[in-house]
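Hi,

My notes on it follow below.

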Amino acid sequence: MSTHLPTADLRDPDSAARTARMRDALRAAAFTADGLLELLGAPAYAALARSETVPALRATRGDGPLATLVRLFLLQRPVPYDRAAAALPVDDCLADGWLVRDGDEVRASVDVRPYGGPDGQDWWIVSDLGCAVGGAGGIRAAEEAAGVDRAQLVLGVGGASTTLAGLTVRTPVAKVLDLGTGSGIQALHASPYATEVTATDLNPRALRIAGLTLALSGAPAADLREGSLFDPVGEETYDLIVSNPPFVISPGARLTYRDGGMGGDDLCRTIVQQAAAHLNDGGYCQLLANWQHVEGEDWRDRLRSWVPRGCDAWIVQREVQDVTQYAELWLRDAGDHRTGPEEYAARYDAWLEEFEARRTKAVGFGWITLRKSGAADPSITVEEWPHPVEQPLGSAVVQHFERQDYLRATDDAALLAGRFRLADEVVQEQVGLPGAEDPEHVVLRQNRGMRRATKVDTVGAGFAGVCDGSLPAGRILDAIAQLVGEDPVLLRDRTPDAIRTLVEQGFLEPVETGKD
């Protein structure tokens, strides 16, 4: 069976020159994220992400270069050779296998998806045909289009990959490991700030496609290694490990890109537990994960037990689905709902049987970040936050761990001697009945980052409101005590926990510590 992948030799200078000419042509035709939106319009652009191609087909009925490229690479429609030649160095593309000729027409061998980099870069993500459009039935159609068993298909850009890219810490580092690279999206994101990028995958097709993604986007080549989890890197260590693993909890491992081949959530647990041995001091490991909610166990305690010694952790649960919702989601993702009723029912039953055997009542989805701190008393935060956040969050991740360092090193006396400032774009809301003299409660709300909200009492609201870094916390509390007629000693005794909470959640930022 043909694999239908481009044959470009990424190490050959002539092939590299042809790839550069193709990239120049894509850019010249405005085959970019912004160009697509302008050509298709918002409704057709959004419909394409839902696998609905009719609006995009209507928008590309013209014969301009951009419309031609959209039909070729996104809609997987053949176009006349002459029309393709007006948009691309078509003979170069045929020579390297990006295009295949059928008589007077050419067609794409892979999906090439425009993708906007975080600093305005024009990048392109390569994947198997049909695997970047997404939507119900897409995988079954992609299997036929790519001419390869769907267990080996390589997906393109999706919500999970962009979410992880937005979460990732983006500070200049020497070495980054993209574990389970897929189409190379995380490796591509790492390329501007990492001296060396290593990308691994169990699927050799994925490594090939990741190399094409980097080459077509004009990024430096990564060190591509085949193998499972950390096996390909031996005892090497990294400043950042990033992974969008095949985290789906399913009976068996039918689809390499989705199912990890381990029982339950063991794959995600294994990555977390083994990461510490491959992190340099101060290094981060960031991944998306699914985890089981097991009957009779607290899911937070379960995840805390995963965290390896010497690492701080921040684990955020973004969504929870009961086992029926979860099974139905991934059955549709694989196109199994399009099979016969008996086959679909049998697969659905197998999922529920697996969950019952593992006493799993629900499945959580979220983010896991480890930082190798070496702390004897590690900071492990496990929380549920299903509310909207502001991406990118990479800087918020760094700030979270910096705050944990501060709180761990600061006792109550030092806390009261410290100075704080109210974080940017924090607002106060008063909640109560209309016309009431006093509010029932006061809420502080962030408009940036995690966009948290927290209730505070009158003292907490007053304290936060005057924190501008000029006065120590203790002196502010003394002034508040005088205003409200409270014993300042008692107020100093009972307030540090509330200050710690406001610091931990990012409402207050330490400015300076010292004695009053």
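**Notes on the model**

K175 sits in strand 6 (residues 173-179). Helices (H or I, at least four residues) and strands (E, at least two) are DSSP runs, numbered from the N terminus. This is a predicted model: local features need pLDDT of at least 70, side-chain atom pairs count only at pLDDT 80 or more, and totals for chains, interfaces and linings use all residues. Residues are numbered from 1 along each chain as its sequence is written, and side-chain values use heavy atoms, with hydrogens and water left out.

Back to K175. Leaving aside residues up to four places away in sequence, K175 touches E196, E236, T237, Y238, D239 and L240. Contact here means heavy atoms within 4.5 Å. Q273 is 98 residues from K175 along the chain, and their C-alpha atoms are 20 Å apart.

**Overall**

The chain has 20 helices and 19 strands. Its radius of gyration is 26 Å, close to the 24 Å that the globule rule gives for 516 residues, so the chain is as compact as a globular protein of that length. That radius is taken over C-alpha atoms, and the rule is 2.2 Å times the number of residues to the power 0.38. Along the principal axes, the C-alpha atoms fill a box of roughly 90 × 55 × 50 Å.

**Helix pair**

Helix 15 (residues 394-409) packs with helix 20 (residues 496-504) at about 155°, with axes 9 Å apart. Axes are lines fitted to C-alpha atoms over the stretch in contact, and angles run from 0 to 180 degrees between N-to-C directions. The two helices are therefore roughly antiparallel (angles over 145 degrees). R403, Q404, Y406 and L407 of helix 15 meet R500, V503 and E504 of helix 20.

**Cavity**

There are two cavities of 30 Å³ or more. A cavity is a set of points, on a 1 Å grid over the protein atoms alone, where a 1.4 Å probe fits but cannot get out; lining residues have an atom within 4 Å of a point. Points are joined across faces, edges and corners, and a volume is the space filled by probe spheres set on them.

**Backbone points to check**

Most residues other than glycine have a negative phi, and most peptide bonds are trans. The bond from Q391 to P392 is cis, with omega near 0°. P392 lies in the loop between strand 13 (380-384) and helix 15. L229 has a positive phi, near 45°. L229 is in the loop between strand 8 (223-226) and strand 9 (238-243).

Best wishes

Definitions and conventions:
On a 1 Å grid over the protein atoms alone, a cavity is a set of points where a 1.4 Å probe fits but cannot get out, and a pocket is an open set with protein on both sides within 12 Å along at least five of seven lines; lining residues have an atom within 4 Å of a point. Angles under 35 degrees count as roughly parallel, over 145 as roughly antiparallel, 65 to 115 as roughly perpendicular and the rest as oblique.
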